[in-house]
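Trainee: I'm new to reading protein models. Could you walk me through this one, feature by feature?

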Amino acid sequence: MKSLKEKFGRVIDFEGSRKSGIQQASIIDFRSFSVIRSHEYLKGDGVFNDWILNLINKTPNDFWVSHNISIEKNLLTSQMPYLIKTSYNKDNIFWGPWLDSLKVYKKLYPNLTDYNLRNLCDIFLTKKDIAVLSKVYCKRSKKAYHQSTFDALVTFKLIERLKEKVNLAFFLE
């Protein structure tokens, strides 16, 4: 299986629920595990589906990253049609394949007792790792957990630190 090192990936994170809808969404674009740009959606920005379709149809990506993909999938399916990536059509987003940082860390570090982002960040990252990126990319949302851009950046750094340790492609689903 080919490595993800040269691929174009997107980290996605939402804040909200099926009942309240998507309150915040952030996407971090990266290639070769270097951040290219970030995109932030806040509820007041208009229709979420329009925002995400416009953004993603401009540049299709090779894979998606999230921490606990079931949360993102549940919100996505409640907001818009959810299609598995088998072909490309400009009027639809085809989701997948997915890299779930939660599943990756559970597999690689089975003796941890807590796999939430804060705990994983405390164990595996430095505050400086996150501070540098959040200063640049958290433009409209707070630099705190449970803020979509901050959480997406932490997820990115957790996956980035593994790029030379394991072939992350084996974790794609």
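**Reading the model, one feature at a time**

Mentor: Let's start with the lining of the largest pocket: five of its residues are nonpolar, eight are polar and six are charged. Keep in mind as we go that this is a predicted model.

Trainee: How much space lies in the largest pocket, and which residues are closest to its centre?

Mentor: The space comes to about 380 Å³. The lining has 19 residues, and the closest to the centre are Asp13, Glu15, Ile71, His146 and Asp151. Strand 1 (8-17), helix 2 (69-79) and helix 4 (117-124) are the elements that each give two or more residues to that lining.

Trainee: Now the inside. Which residues have the most contacts inside the largest nonpolar core?

Mentor: Those are Leu99, Tyr105, Val154, Leu158 and Leu168, in a core of 33 residues. At least two core residues come from each of strand 2 (21-31), strand 4 (63-66), helix 3 (101-108), helix 4, helix 5 (127-137) and helix 6 (148-160). Helix 6 has the largest share, with seven residues. There's also a second, separate core of 17 residues, with Ile12, Phe48, Ile52 and Trp95 among them.

Trainee: What does Leu168 touch, leaving aside neighbours within four places in sequence?

Mentor: Its contacts are Leu4, Phe33, Leu99, Val104, Ile159, Leu162 and Lys163.

Trainee: What about charged residues? Is Lys157 buried or exposed?

Mentor: Lys157 has 14% relative accessibility, so it counts as buried. Lys157 belongs to helix 6. Not counting residues up to four places away in sequence, Lys157 touches Leu125, Asp129, Ile130 and Leu133. Glu40, in strand 3 (34-42), is buried too, because its relative accessible area is 12%. Apart from neighbours within four places, the contacts of Glu40 include Trp51, Tyr137, Lys139 and Arg140. For a sense of distance, Glu40 and Glu160 are 120 residues apart in sequence and 21 Å apart in space, C-alpha to C-alpha.

Trainee: Okay, what is the phi of Phe33, and what is the phi of Asn68?

Mentor: Phe33 has a phi near 60°, and Asn68 has one near 75°. Phe33 sits in the loop between strand 2 and strand 3, and Asn68 in the loop between strand 4 and helix 2. Phe33 is buried, because its relative accessible area is 3%. Asn68 has 25% relative accessibility, so it counts as partly exposed.

Trainee: Last one: how do I read aromatic rings?

Mentor: A pair of rings is described by how far apart the centres are and by the angle of the planes. The count here is 12 aromatic pairs.

Trainee: Which residues do ring pairs link into a cluster?

Mentor: Phe14, Tyr41, Phe48 and Trp51. You've met Phe48 already, in the second core.

How values were computed. Residues numbered from 1 in each chain as written. Predicted model: local features only at pLDDT ≥ 70, side-chain atom pairs only at ≥ 80, totals over all residues. Heavy atoms only, no water. 1 Å grid on protein atoms, 1.4 Å probe; cavity = no way out; pocket = protein on both sides within 12 Å on 5 of 7 lines; lining within 4 Å. Points joined across faces, edges and corners; volume = space filled by probe spheres on them. Helix = DSSP H or I, 4+ residues; strand = E, 2+ residues; numbered from the N terminus. Nonpolar A, V, L, I, M, F, W, Y, C, P; charged D, E, K, R; others polar. Core = buried A, V, L, I, M, F, W, Y, C linked by side-chain atoms within 4.5 Å. Buried < 20%, exposed > 50% of the residue type's maximum accessible area, 1.4 Å probe, protein only. Contact = heavy atoms within 4.5 Å. Phe/Tyr/Trp six-rings, centres within 6.5 Å; stacked < 30°, edge-to-face > 60°.
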